[in-house]
Amino acid sequence: MTDTLTKDHELVTRQRQVAAVQARRLKTLDSIFELRAFIALGVLIVVFSLLSDSFLTVDNLITMTKHVAINAILALGMLLVILKGGIDLSVGSTVGLSGVIAGELLQGLHLSLFDVVAYPRVWAVVVVCIAVGALVGAVNGILVTRLNVAPFIATLGMLYVARATALLISDGTTYPDLAGSPATHNTGFDWLGQARPLGLPVAVWIMIVLAVVITVLLRSTPFGRWLYATGGNARATELSGVPVKRVKTAVYVVSGACAAMAGLIIASELTSAAPQAGDTFELNAIAAVVIGGAALSGGRGNVRGTLVGAFVIGFLADGLVIVGVSTFWQMLIKGAVIVLAVILDQSQQRFQRRRAAASAVAVAEEEPRRGSADRAPADDTT
Amino acid sequence: MTAGVRGSGPAPEGSVPVLRAAEVTKVYGGTHALRGVSLGIAAGRTTVLFGENGAGKSTLMKILSAVEQPSTGHIELDGEAVSFDSARSAADHGISIIHQELSLCPNLSIQDNLFLGREHTRRGLLDRSRHRDLARQVLGRLDRSLDPATLVSELRLGQQQLVEIARALLQRARVLIMDEPTSALSAPEVDVLFQVISDLKADGVAVVYISHHLEEALSVADDVAVLRDGRMVATSRAADVDLAWIVRKMVGRDQDSLYPHREPALGPVALDVNELCVADPSSPGRLSVDGVSLTVRAGETVGIYGLMGSGRTELLECLAGRLPAASGAVRLQGEPLTGDVRHRMGAGLALVPEDRQRDGLVQSMTVGQNMSLASLTRFARRLLVDRRTENSAVASMITDATVKAAGPDAPIGSLSGGNQQKVVIAKAVMTDPRVLLLDEPSRGVDVGSKADVFALMAHQAERGLAVLFSTSEAEEALRIPDRLLILARGRVVADVRPAEITRDRLMSLADGADTTEEAHHD
């Protein structure tokens, strides 16, 4: 018996020493993992600037950032939906719908009742388009919260409905000229997509403002906390008296509004609006959120990660074009990067658990062991 | 009763235990679930493991059955150190476990579940008739009324547990580990189980048994082992010990000192329930709660004691707004109480739900964030949460509720069950309610923390809250509340001061034996 005990003890001591070494190694690995999205972005920039002289120029960076901004605006809305534990597949279609409505309004609204053509001001056009995006989101939210349709299905349905609406309104054709005319007081729509206040495109400013607002929303408002809680455990959150249904609906509304904003920027940039615009944009937005470390099951994710995710996707896509990689290879590489990001995220989570466990085992060595009499059979029975 | 009898732990003198845990330590995250635990399991005997929740019983069982691997230390089978990489390979060596949480697929039939992963085949196809015969055979030992073709989703919880047991029997285990096998079984089902256990013992199977019902567990025990805070504090032959000894070992002190009595200072009626009826959510048309009237005054603690199916859960869920009332009225401080959970909380009601994990906590958030979740708008200034007021409210609540945590920023999962429960109660208290409802507040809480939980509850009553809680433990029903309501078949069959009633009387009333309803037994 004594022999066994000594053997057991030696074994345990050895196992603890191993754990201590392991804990140190895992700590280093963990810090590297934490910054993986930034590292990936850095690697992309270095590799592409080595491969092409035109990659790391101010002009190109600004152009790429503008591309990134459109996806980032969608992704920030998507982040909220994903934090809730949902998904919004309808944002790409909403981009198209928003552009089409802008086109319809700028080209002049024919009111048959009064037999006049109305030309709304540009600010009114913007407000209406964003309201339409919010409306699409509200429908998503109502389907999900009141009618208990799974988010994937509800927003898949709206993907088709919103796209179809855009095609019906435009009759499938592109609105060729959104410049407006001084005579109808509706010029200036091109500002959104083409102006560069303080040297940066408006889209980039919108991305920055949105990122700041959503960061504050998530970190410092009751709504943000409720959102994380809903994604973590909706039942418990509801039983805490949180208006869970309203929270859920709100994130779809914000996501729809973000998509409409992106649609406006694209239409303004091209001064034309095609009903097909924004096709499959939802996938890029989801990819950015996921690369940014958010969990599709909800409750985990942040603005910083999502922005970096959007930059990784955008710089990767533009970089590959600049270097001259074929579209087919671009798709393949993008797919691989997305899956790789999720694999890394999973292993980081595993690392964190193992690291905590290993350091706890190692620490146990210093902890004073209770007298072995305590573990021996009790002798205080009467 | 010489020291020699118990000198080498539970295994009989001289024999090598079938299965032995040697100096096993297990760490989850940063928490030690087990610290250097050794335990031998003898063939042909039942070893009962006692310990509070969080003492490490389930963890030890998971390690013995290779569901989890030890952080340090190892497992010996027949005296040889072994390391199984999965529960499957442990099962192949004759070690089976029946989990506390059911691990059945509800969408499959009983027989499909019984043979899941171990299907018998003929020429590559499922041998269904063999499955059916074997399933009939094994079910015959447990519950003859079960048809192997029934979907598991159609079974009561107790029946599902029997299926789980049947699965372990089919694997012809040499070591059978049962983690809370009786928690959902009815009294006759428990008797059947105990018969099965004694048959298995006669066949030389080593049975390891864990249960919260201490008396019941002691009655089947040959050997006992007691865990406390992840350490093995005592082992003995069952014949040499009694219940009081076990409780003392589990808690480290006497049970009587856990629940001090106090005299309540009663205020006006805060909660008034009048002739409340609630339809059975699983079979509408039947009433789960059948004309219940009750009042709770400010400063008063009222307990509801009832067995499973007595309507106690439905009553509390209806009061909280989770189930609609079929008829009757509920008033809070004279105002009618209606609407959903949110409205009722606004009116001054707070609920501590029964299922902490599912309904009480957000696992991805910290202790502090969980605590302030229900009262966040109180800390909002303009639109933003004022972190400083929030943090100080949380910090003082952590002290008041005696939550043992590394701090407000500790992940909720790093806390023991009892401390998690304190967080849920603290969350409810932070909404500053007039009436506090607690559905089985001691469920899954260790004996030591139970005292804290009830002290916290008593403290709220002293502050002038009306406290209404439900319990399925006679001990608590007789010790904790100022007034006790006994519920049987949806009706209040007694409204008494706990001191005025004996344990036997309590049990028989709750069983419905003393009511005229007896004839309606289904």
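Mentor: Look at helix H3 (residues 58-83) of chain A and helix H8 (residues 202-220) of chain A: their axes come within 8 Å and cross at roughly 20°. Those axes are lines fitted to C-alpha atoms, for helices over the stretch in contact, with angles running from 0 to 180 degrees between N-to-C directions. Helices here are DSSP runs (H or I, at least four residues), as strands are (E, at least two), all numbered from the N terminus.

Before we go on, this is a predicted model: local features need pLDDT of at least 70, side-chain atom pairs count only at pLDDT 80 or more, and totals for chains, interfaces and linings use all residues. Residues are numbered from 1 along each chain as its sequence is written, chains are lettered from A and ligands numbered from 1 in the order in which they are written, and side-chain values use heavy atoms, leaving out hydrogens and water.

Back to our pair. With that crossing angle, H3(A) and H8(A) are therefore roughly parallel to each other; the cut-offs are under 35 degrees for roughly parallel, over 145 for roughly antiparallel, 65 to 115 for roughly perpendicular, and oblique for the rest. Their crossing is left-handed, meaning the near helix is turned anticlockwise from the far one by less than a right angle (clockwise would be right-handed).

So who's touching whom? On the H3(A) side you'll find A:Thr65, A:Lys66, A:Ala69, A:Ala72, A:Ile73, A:Leu76, A:Leu79, A:Leu80 and A:Leu83, and they meet A:Ala203, A:Val204, A:Ile206, A:Met207, A:Leu210, A:Ala211, A:Ile214, A:Leu217 and A:Leu218 in H8(A). Contact means heavy atoms within 4.5 Å. By class, this contact has 16 nonpolar, 1 polar and 1 charged residues. Ala, Val, Leu, Ile, Met, Phe, Trp, Tyr, Cys and Pro count as nonpolar, Asp, Glu, Lys and Arg as charged, and the others, Gly among them, as polar. Keep the spacing in mind, too: an α-helix has 3.6 residues a turn, so residues three or four places apart point the same way.

H3(A) is largely enclosed by the rest of the structure, because 21 of its 26 residues are buried (under 20% relative accessible area; exposed is over 50%, partly exposed in between, with a 1.4 Å probe and protein chains only). Just after H3(A), A:Gly85 takes a positive phi of about 95°.
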